[in-house]
There are 2 protein chains.
Amino acid sequence: MSTSADFLEEASTSLGPRGFTRDSDLVEPWLTDWRGRFTGRACGLASPASTEELARIVRLCAAHNVPIVPQGGNSGMSGGATPDESGHTLLLSLRRMNAIREIDTEARRVTCEAGVVLQTLHEATEDKGLRFPLTLGGKGSATVGGLISTNAGGSQVLRHGSMRALVLGLEAVLADGQVLSMLTPLKKDNRGFDLKQLLIGSEGTMGIVTAATLKLLPAVAERVVIWAGLPSLGAARTLLLHCEDSVGNALEGFEVMPQACLDAVLKHLPSARAPLEGRHAWHALIEVVADRTSAATLRERCETMMAAAFDKDLLEDATMSASEAQAEAFWLLRESVAPAERERGPAVQHDISVPVEKMPEFVDTTAPMIEAKWPGTEAVAFGHLGDGNVHYHVIAPAVTDGLVWQKGEGKAISRYVHDLVTEWGGSISAEHGIGQLKRDELARLGDPVALSMLRAVKQALDPQGLLNPGKLV
Amino acid sequence: MSTSADFLEEASTSLGPRGFTRDSDLVEPWLTDWRGRFTGRACGLASPASTEELARIVRLCAAHNVPIVPQGGNSGMSGGATPDESGHTLLLSLRRMNAIREIDTEARRVTCEAGVVLQTLHEATEDKGLRFPLTLGGKGSATVGGLISTNAGGSQVLRHGSMRALVLGLEAVLADGQVLSMLTPLKKDNRGFDLKQLLIGSEGTMGIVTAATLKLLPAVAERVVIWAGLPSLGAARTLLLHCEDSVGNALEGFEVMPQACLDAVLKHLPSARAPLEGRHAWHALIEVVADRTSAATLRERCETMMAAAFDKDLLEDATMSASEAQAEAFWLLRESVAPAERERGPAVQHDISVPVEKMPEFVDTTAPMIEAKWPGTEAVAFGHLGDGNVHYHVIAPAVTDGLVWQKGEGKAISRYVHDLVTEWGGSISAEHGIGQLKRDELARLGDPVALSMLRAVKQALDPQGLLNPGKLV
């Protein structure tokens with residue numbers, strides 16, 4: 001099958017030269033995911049400027065049976081925005097749809113188009129004395145539409161939840177080109193189940209998110225970032241409970257990393273320095289924030305919390321940020337873990353969750369199992385302990401051909417990790433989604449009842465199978 | 001068509017005498033909704049004791065094509081748990097499935113069966129120093145399964161969200177008798193879109209909720225309830241913004257009622273007294289709470305907040321609860337509005353929402369329109385201003401035959417109110433659901449794209465149309 005000349009001509013006429021191109025110089029940069037794991041082909045790149053234009057091109061695709069892969073910042077972790085190699089797919093970029101339609105400071109919400117970049121959203125809301133609380137490493141490229149389609153997480157999920165918890169309204173184009181308009185920001189609406197939930201996290205397979213109304217919060221008036229050294233991951237979990245008990249809702253982040261990760265980071269960032277003098281098996285980064293209504297007592301409450309933690313022997317050492325610059329410096333260490341790990345050499349990465357209370361035991365038990373089964377490997381976990389979600393990397397033995405290892409031993413290790421996670425009642429995708437990366441693993445390990453529901457709903461909403469084929473379901 | 005003797009015999013054998021009955025003395029009390037709006041018939045009452053028994057009876061229904069109406073406490077507002085008059089339907093009670101399976105105090109969550117009554121859940125969690133924050137008038141009969149199936153709201157939605165925000169995991173039986181097990185309490189899980197969202201708020205039409213894992217919060221350590229007298233609903237909205245600004249997250253409820261409602265309540269509760277000396281066009285009940293981590297400064301913060309509100313002339317008068325008994329007394333007034341209103345005579349009720357910031361204007365504009373169009377009626381709004389959701393009652397002119405009026409003029413008024421709400425971008429069901437009460441109105445006024453999605457998903461998950469027929473879709 002080749003994509004019909006009729007389709008290409010109509011698409012070109014419909015969207016004009018800025019909205020549709022087949023020029024390989026322009027298309028090619030978007031055909032490989034940013035981690036270089038997946039490369040595909042496309043019959044063209046559509047970049048509509050409005051929901052109407054987008055709906056028109058989707059109707060055209062439906063009429064000609066052309067599959068569509070929607071793409072935002074192309075910074076996903078699972079290849080969800082990369083087409084297959086057939087060359088029949090239309091790559092549909094949302095990047096031109098980047099208007100912030102309205103910021104309502106009184107109602108604390110923003111309505112913006114899918115192509116708005118997260119960092120742009122942060123800056124626009126900060127200008128109004130508000131903030132959008134979700135943030136993550138790829139904020140300079142990740143778009144609102146991509147964040148919604150993948151139900152993105154990041155480092156503040158502990159307090160504010162993932163994207164799902166922040167979406168108040170949604171606009172989307174369905175597989176047949178109809179527009180679902182649910183931007184109306186009603187706090188309460190019980191007209192049947194909440195249709196927008198079908199779009200959030202469905203990776204573009206049920207519809208294409210074109211705009212959203214998002215929840216905003218009062219700006220942070222003060223924050224304290226604490227760096228703590230700990231003897232074990234279990235101790236980190238105990239400290240987390242202590243912090244939740246002490247400052248409740250003010251606790252905004254609780255991230256962990258082992259000493260090996262911190263070492264890699266300090267090598268990766270030559271100008272950075274270790275927050276603590278000594279070495280510790282584990283390190284925790286703890287963020288406590290206050291808005292205007294509670295800023296007065298924040299530092300005092302943190303001091304009380306940490307004094308009690310020392311008294312109870314919950315940690316080995318700790319330091320508290322004395323300035324905003326120091327708070328930033330602590331976060332920079334955390335945010336550099338992933339790039340620093342990549343510099344250490346070939347590895348397989350896993351984005352897993354198990355029930356929060358089981359996470360320390362899970363890591364302590366399974367890391368030695370993996371290292372024993374595949375001698376020379378090193379299993380490293382770091383990330384969002386507060387959410388029961390860590391990034392679990394297994395680093396290849398030294399002097400290995402990375403690609404060969406990843407496709408052979410690495411693949412076997414990933415299956416083994418996913419088996420273990422499933423056994424412990426966890427998820428093989430805590431926040432990165434399924435995409436094409438984990439589709440086989442989801443089919444292998446997913447609950448058959450859940451999978452059959454997912455497929456039935458997909459079939460009902462996209463009977464031609466045109467929306468992001470080969471992803472998720 | 002008569003329900004086959006085979007089915008009835010197999011159901012009886014499968015569930016035993018405690019699990020299945022056709023005795024009309026036992027069945028009949030459940031065939032009319034508690035407000036007496038709807039009465040139906042059933043071929044029998046099934047009361048399974050476990051998920052396995054329930055799945056077995058659903059498979060039997062699927063084999064014999066017998067429709068199923070699930071029922072919890074039978075305290076819904078929209079007739080969603082009442083069967084039609086055909087007599088072919090099986091009434092499926094969840095009330096025997098009332099085990100609280102586990103309360104995990106450290107992880108702050110409870111796993112319980114669908115038949116657990118809300119008040120029982122409150123008591124069980126309070127015993128552990130925790131609380132389940134959702135509460136409403138029918139807490140003595142409403143069950144967890146019903147609350148989830150209708151995505152119930154109540155008076156603390158402002159801070160904690162409706163049921164959807166509190167469900168961490170779900171177990172449900174699908175139309176073909178398969179069991180969907182999603183009780184695993186993972187904080188982060190991105191394996192496709194969140195299937196449990198399809199069950200929440202779908203009124204038993206997509207599956208039958210059998211158990212759930214729910215979020216718990218630390219117990220309230222202190223609370224202050226403030227009663228404020230206001231010149232207008234617009235002033236109430238301004239005061240709400242002031243309170244949000246002053247105490248942020250500590251603001252847990254903000255309920256409003258006009259003087260007429262308070263008068264009716266004081267008549268209904270002869271022993272109650274008015275919180276303020278004077279009369280005011282509107283009254284607001286404001287709840288501010290603190291857990292252990294923030295109790296120390298609560299009263300002080302409330303005093304600062306109210307002093308500033310007086311300074312800025314945001315209200316006419318106010319009083320602050322000096323004791324827990326007084327706090328309870330203020331809430332009793334609010335909770336008595338609905339029964340007190342019923343005593344005033346025949347009325348049509350509407351459970352509506354419009355965007356929060358438009359609510360004062362909506363009520364001020366539309367109430368006189370209704371009263372002018374139908375002379376002798378009185379339009380009264382009260383409820384959850386913080387959520388943009390009020391209960392909007394239109395009281396019949398005096399000396400009217402209630403039933404005749406409700407079916408004639410009352411019905412026309414409801415259509416008019418729903419038209420207005422739709423025009424203002426609102427919802428005709430903010431929290432009570434659609435059931436059979438508003439199914440025609442949803443079909444008339446709902447967004448056609450949203451309705452077709454709803455129907456496609458329903459068709460995909462229940463192709464025989466056996467689950468709660470005649471409700472919602």
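This is a predicted model: local features need pLDDT of at least 70, side-chain atom pairs count only at pLDDT 80 or more; totals for chains, interfaces and linings use all residues.
Residues are numbered from 1 along each chain as its sequence is written, chains are lettered from A and ligands numbered from 1 in the order in which they are written, and side-chain values use heavy atoms, with hydrogens and water left out.

Okay, chain A against chain B. Each chain puts residues into the contact, 78 from chain A and 78 from chain B, where contact means heavy atoms within 4.5 Å. Together they bury about 5,900 Å², with 57% of that from carbon and sulfur atoms. Buried area here is the accessible area (1.4 Å probe) that two parts lose on being put together, summed over both. On the chain A side, Lys188(A), Asn190(A) and Phe193(A) lose the most area, together 16% of what that side buries.

How many salt bridges cross between chain A and chain B? The rule finds 14, a salt bridge being a side-chain nitrogen of Lys or Arg within 4 Å of a carboxyl oxygen of Asp or Glu. One to look up is Arg109(A) with Glu357(B), whose closest N and O atoms are 2.4 Å apart. Which elements of chain A touch chain B? Those giving two or more residues are α6, β9, α8, α9 and α17, and α17(A) has the largest share, with 9 residues. These are DSSP runs numbered from the N terminus: helices are H or I, at least four residues, and strands are E, at least two.

Now, inside chain A. Domain 3 covers 222–338 and domain 4 covers 345–438, with bounds from an automatic or database domain assignment. Their C-alpha centres lie 25 Å apart. The two domains bury about 1,200 Å², 70% of it on carbon and sulfur atoms. In domain 3, Leu233(A), Arg237(A) and Val256(A) lose the most area to domain 4, together 40% of what that side buries. And the salt bridge count between these two domains? It's 0.

Last stop, the hairpin. Strands β8 (167–173) and β9 (179–182) of chain A pair antiparallel over 4 bridges; pairing takes at least two DSSP bridges. Val173(A) has Val179(A) as its bridge partner in β9(A). There are 5 residues between the strands, and Gly177(A) takes a positive phi near 90 degrees.
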